[in-house]
Amino acid sequence: MGRREPRKPRRDDDREELDERVIDITRVAKVVKGGRRFAFRAVVVVGDNRGRVGIGIGKARGVPDAIRKGSERAHRSMTNVSLSGTTIPHPIVGKRGGAVVFLKPASPGTGVIAGGGVRAVLEAAGVHDILSKSQGSANILNVAHATINALEQLRSAEELARMRGKDPADVQPFWKRGGKSNG
């Protein structure tokens, strides 16, 4: 039998190409017998800019440890997102707690019209052209989770057409059909 080359850990390669963003660091307190014990909560978004994104929360006594924990949890929670070029295939609404996030596809060159947690999640997922509106709660954690919820609900144009019994060209955005708008 021939000698095997030792396998390189794949995890290091993945981490190099992943886009990691800390979107919120908050001081939290736990009330114990002797008073309050303070810690930090870090919300981290991780994406590969090609349709995979995850969000993680880490709590620790120190900020660097909280960020590290959040990053590890975000890596484990990564999900695939259905993209249509540089935008999303169709409008969608995501909800989490009191936060509601509306995402709408935009024509190429529009950019990411979003703020705060929504922008961080969308850019990490690889979306370059999109319009968004955040309604209800402004809690950054719930807004980020609502954005992830909306992205998980997305379906490809082919899948939508099959569900509706239509031609895939009929469910494409107007700029992909030749510039004619039906509205």
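Biologist: Leaving aside neighbours within four places in sequence, what is Leu-151 in contact with?
Modeller: Leu-151 is in contact (heavy atoms within 4.5 Å) with Val-53, Val-81, Ile-88, Leu-103, Val-121, Leu-122 and Ala-125. This is a predicted model, where local features need pLDDT of at least 70, side-chain atom pairs count only at pLDDT 80 or more, and totals for chains, interfaces and linings use all residues. Residues are numbered from 1 along each chain as its sequence is written, and side-chain values use heavy atoms, leaving out hydrogens and water.

Biologist: Which residues touch the most other members of the largest nonpolar core?
Modeller: Val-53, Leu-103, Leu-122 and Leu-151 do, in a core of 29 residues. Such a core is a set of buried Ala, Val, Leu, Ile, Met, Phe, Trp, Tyr and Cys residues joined through side-chain atoms within 4.5 Å; buried means under 20% relative accessible area, exposed over 50%, partly exposed in between, with a 1.4 Å probe and protein chains only.

Biologist: And which helix gives the most to this core?
Modeller: H4, with 7 residues. Helices are DSSP runs of H or I with at least four residues, strands are E runs of at least two, and both are numbered from the N terminus.

Biologist: Switching to charges, how many salt bridges are there?
Modeller: The whole structure has 8, each a side-chain nitrogen of Lys or Arg within 4 Å of a carboxyl oxygen of Asp or Glu. In one of them, Asp-24 pairs with Arg-41, with the closest N and O atoms 3.1 Å apart. Asp-24 is in strand S1 and Arg-41 in strand S2, 17 residues apart.

Biologist: Are those two buried or exposed?
Modeller: Asp-24 is buried at 17% relative accessible area, and Arg-41 is buried at 16%.
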